Amino acid sequence: MIIGSLLLLGLFKFPLWNIMLGAPQYPEPLGMDIYIEGIEGVKEFDIQNIDGLNHYIGMKTIPKAEDMWEFEVFPIVIGAMVALGVIIGILGFFGKISYKWFLGWFVLMSVLGILGMYDFNQWLLEYGTDLDPKAIMKLLNPDGTPMTYKPPLLGYQKMLNFDVDSWPGTGAYMIFAGMMLTVVAFFVGKKEYKKA
Amino acid sequence: MKKAINILVSLVMVAGLVSCNNGENKKGSKGQGGLATNAAEKVYVAPGEHDEYYAFFSGGYSGNLTVYGLPSGRMFKEIPVFSQFPTSGYGYSEETKPMFNTSFGFVPWDDSHHPDISQTGGKLDGRWIFINGNNTPRIARIDLETFETVEIIELPNSAGNHSSSFITENTEYVVAGTRFSVPVPQRDMPIKDYKGNFKGALSFISVDQETGRMGIKFQLMMPGFNYDLSHPGRDKSHGWFFFTTYNTEEANTLMEVNSSQNDKDFIAAVNWKVIEDYVNNGGGTKMPANYAHNVYDHDTHLATSTMEKEVLTVDPTKVPGAVFFLPTPKSPHGCDVDPTGEYIIGNGKLSADLTVHSFTKMLDAIENKKFDGEAYGIPILKFEDVLAGTVKQPGLGPLHTEFDGKGNAYTTFFISSEVVKWKLGTWEVLDRQPVFYSVGHGMIPGGNSREPFGKYFVAMNKITKDRYLPTGPELEHSAQLFDISGDKMELLLDFPTHGEPHYAAGIRADILKKNSKQFYKLADNKNPYATLSEADARVERKGNEVHIYMTTIRSHFTPDNIEGVKVGDKVFFHITNHEQDFDVPHGFAMIGANNAELLIMPGQTKTLVWEPKQVGVWPFYCTDFCSALHQEMQGYVRVSPANSNMELSWSLGED
C-alpha cells in the first residue's frame, strides 16, 4: 500500500501523457510531454515549433504552467493522495484501521483519475476547436463543417499532414502500477484478516 | 528458289552482325577501366540512406570547398571559403566582409588547392579542415560542426601559396610553403637579379588545440627555389616535414625550359621539432610584416580582422640539423609520405621513374655526415645514400601518390592518363587503370594519415571532354571513383566536380555526422545588432544611416512596413532569424541592392546594406521557400526625397 501510493510521486518527475506529431517533413517528430506541473517539449524547441505550425490553423499557443489552474491543483491533489495512502498504509500495517480503507483509497483515486481524464479531454477539445476567426488556413471537412484539430485522448489519428500519437507517459504507468499494488494490498489485507 | 537463297544469305548476315555487336558489347563492358557489371550496386545509395564517406574537394579557381558523399558522388554543399558567395551573402554581408581583408585590401577571390583534415595521434579527428588560397597567400580553417569558414590568416613573404596546407599528425602545425620565391622584404629591384636574392618562405602555423585559432609560429627563409608540394612525416618520421622543389636553377624567365635543366632538384627535409626548440629558446629574427588575421565567431555571427605587424623568421643555416636536401630527379611535383613514415615519394613529373627515399637511410646519412656538398649552406645528401628504391617505368608524368594502409601505393600519371598501383618495398607494379582524362591528384579517404580507409580511390581528372553531355566550351571537371578493396582497381563511377578540384580529403561519415550542428541557439546569439524578441524590432536613424532591426519567423518580417527612409541614406538591414528548428532558413532580398541576398540560418543575425537611389515604395521578400505562406513573406520600404521631413515609422499587422 505504501509503495503503491509512493509510486504516485513519480508524476513529479515523469510525464503523465505524451503527444507526438510526425509529418513527411518532420522525420524526427515534434512532441510534448504533459506533466502534472506543466507541458514541456520532448526536444528543447518542440513547443515553439508546434506553436509555430498551429498558428497557421488559428490554434492558441500551448498553455504555460501559470495559464491553467490544473497545473497548480494537480500537484496538490497528487501530494495529498500520496500522504493519505502512506498514512492508511502505516495505520493498516499496525492494524489500527481496516484493510477496506485500501480499497477506499483505490476508489477515490480512480474517481479522481477519471475526473482528470475528463478535464484533459475537455482541454484538448477546447484547444482543438476554439480557433482564431482570422486563421490563415480555414479548412473544411468533407461534409462542409469547419475542420477542428482536437488531438486524440488516447491512440493515433491522422490530422492533415500530421500523424498524431497520444499515449500515456511513464508517470501514468506508475500510477497504474501503484493503484494495482493498492488492490493487491487490499486482497492481502483481506487474507490476513480472514486468517486472524 | 533464288529468293529463298537470298533470304538465307541475309539471315546469316544479320546473325553475323548481331554476334559482332555482342562481341563489342562484351569488350566495352570490360574494357573501359575494367567496369564490372555490379558497379552500379556498389555506388547505389538508396533514397534516404547516407553515404559511407564525406569527401571534401577543393574548388581551385572557384576559391571554395565542395562536400560530396562517397561512393554515390552526390554533392551536398559548397562551402564558401576564399570567394564571395551570393547564395548565402558570404563576403557581401557586413558580418562576413572582414573575412576577405588582406594587406592588399579586400580580396574576394582565391584559388583553393589542398584541403587537409585535422588529426590526433596520426588519425583523422574531424574537428576542422584547412585549405590554402594559392594566389593571395592565405590559409583558411573550416569548422566541421557548422561546415563554415571560421578563420583566414594571410601569409607574409609568400607568393603562390602552393605547398600548403598540410598538417602534422597532432595538428600542431598547418604548413604552408611558397611556390614562387620573392624578394624578402619586398622591394623595387631588377627581376634578373632573382638568383641568390629571392627567398622561399616556409610558414609553420601553430593551431590552438581548444579553439583551433591559428598563428604563424615561424617562417623558415629558404633559398629562392620553387617549393611545390609538401607532406608531414608521420609515425616514425613525425617531427619532420618534406617539401619538393623545382627551379633549383633559380631561373626567372621562360621557366618551362630554364627551370627544367637540372638533372635533379631537391626534396627539402625540415626537422621542425629542432626549429621549434630553437625559437622557443629565443632563436629567430623578428621582422616587420603586415598581414591580416580574420576570425569568424559563431556566437556573435561576426568576423573581425586584425592586421599583424611582425613575423618571426628563421635562417636555416643558423639551426644545425634542421634542414637537408635530398636530390630527386627532374622537377618533382607531389611529395608523399607513406603511413609508416618510412618512405618519402618524389613524383618527378619529368622523370620516367618514381623515386622513393628512405627515412631511416636519411637519418643514417645525416648521422654519418655523408654530404655531397651544400646549397646556400644547406647540406645536400647523396642520392644513392637515401634512395630506398625506384619504381621503374611505371608511366609518364607522375604527379601524386596515395596509400591504402595495406602496403600499396597509387600514383597518378598525368601524361599517360592512368592510375598505377604498386607495392611499397618491392617497387613492383601491381595494376594500372586508364582514367578519362589526364589525372591530377588522387585521393584515398584518410590517405594523409597513419590509418587510411583503403576502400576507395578518387581520381581528379583535369580534362573532361566527352565524358558527359556537352555544355559548350566550358566544362566541369570530372572525378572517377575506383574500388580498391580487391587486388585490381575497379572503376565504379564518373561524377562531375565543381571548379577545378586540385586535391580532396575524405573521412568516414560516422566520425563527422554526429557532430553536425542543426541550428544556432537564439539565446546564444551575441551579435551586437541582433534582435532577440519581436517586441525589440525597430528602426533607428544615425545621420544618414538607417538601422533596421528586423526579425523573421514563418511567415513574416517584423517590421514589414517601413517609412521615413530617404534617397541618399545608407540602410542597414540587421536581420535575425527567430526559427529554432532544423533546416528553416529565411532569405532576404531587396530590390536594387548592389550586393547580394542574405540567407540567414535559424538563430543567426546577418546584415545587408542597401543604398536607395530612387523615390518610391520598394519591396523586399524572403528568398527561401520557408513555408506554405512563403510567397506572403514580404514587406515594403517607402523612400522619400532626400529633403523630405518624413519621420521614421515602422509596423507589422496594423490596419
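User: In strand 45 of chain B, which residue is the bridge partner of Lys566(B)?

Analyst: Strands of a sheet pair through backbone hydrogen bonds, either parallel or antiparallel. In this predicted model, the partner of Lys566(B) in strand 45 of chain B is Ser640(B). Strand 39 of chain B, residues 561–566, runs parallel to strand 45 of chain B, and four bridges join the two.

User: How does strand 44 of chain B pair with strand 45 of chain B, and over how many bridges?

Analyst: Strand 44 of chain B, which covers residues 616–621, pairs with strand 45 of chain B in the antiparallel sense over six bridges; Gly616(B), for instance, has Val639(B) as its bridge partner in strand 45 of chain B. The residues of strand 45 of chain B (634–640) can also be read by face: Gly635(B), Val637(B) and Val639(B) make up the covered face, whereas Gln634(B), Tyr636(B), Arg638(B) and Ser640(B) make up the uncovered one.

User: What is the strand order of the open sheet in chain A, and which strands stand at its edges?

Analyst: The five strands of this open sheet in chain A follow the order 3-2-1-5-4, with antiparallel pairing. Strand 3 (38–41) and strand 4 (155–159) of chain A each have a single partner strand, so one side of each is left without a neighbour in the sheet. From one strand to the next, the twist averages 20 degrees. Within the sheet, strand 1 and strand 5 of chain A are paired in the antiparallel sense over six bridges, and Gly22(A) stands opposite Asp163(A) of strand 5 of chain A. Helix 2 of chain A, residues 46–54, lies across strands 1, 2 and 3 of chain A and runs at about 105 degrees to strand 2 of chain A.

User: At what angle do helix 3 and helix 4 of chain A pack, and which residues make the contact?

Analyst: An α-helix has 3.6 residues a turn, so residues three or four places apart point the same way. Helix 3 (residues 70–93) and helix 4 (residues 100–129) of chain A pack at about 170 degrees, with their axes 10 Å apart. Because angles over 145 degrees count as roughly antiparallel, helix 3 of chain A is roughly antiparallel to helix 4 of chain A. On the side of helix 3 of chain A, the contact residues include Val77(A), Met81(A), Leu84(A) and Ile88(A), and on the side of helix 4 of chain A they include Trp101(A), Trp105(A), Met109(A) and Leu112(A). The residues of this contact divide into nine nonpolar, two polar and two charged.

User: Which residues of helix 4 of chain A are buried, and what covers them?

Analyst: The buried residues of helix 4 of chain A are Trp101(A), Phe102(A), Trp105(A), Phe106(A) and Met109(A), and their cover includes helix 3 and helix 5 of chain A. Helix 5 of chain A has buried residues of its own, among them Met174(A), Ile175(A), Leu181(A) and Phe186(A), and these buried residues pack against helix 1, strand 1, helix 3, helix 4 and strand 5 of chain A.

User: How many residues of chain A are in contact with chain B?

Analyst: Six residues of chain A are in contact with six residues of chain B. On the chain A side, the residues that touch chain B divide into three nonpolar, three polar and no charged.

How values were computed: Residues are numbered from 1 along each chain as its sequence is written. Chains are lettered from A and ligands numbered from 1 in the order in which they are written. This is a predicted model: local features need pLDDT of at least 70, side-chain atom pairs count only at pLDDT 80 or more; totals for chains, interfaces and linings use all residues. Two residues are in contact if their C-beta atoms, placed from the backbone, lie within 7 Å. Ala, Val, Leu, Ile, Met, Phe, Trp, Tyr, Cys and Pro count as nonpolar, Asp, Glu, Lys and Arg as charged, and the others, Gly among them, as polar. Axes are lines fitted to C-alpha atoms, for helices over the stretch in contact, and angles run from 0 to 180 degrees between N-to-C directions. Angles under 35 degrees count as roughly parallel, over 145 as roughly antiparallel, 65 to 115 as roughly perpendicular and the rest as oblique. A residue is buried if 20 or more other C-beta atoms lie within 10 Å of its own, exposed if 12 or fewer, and partly exposed in between; C-beta atoms are placed from the backbone. Two strands pair if DSSP finds at least two bridges between them.
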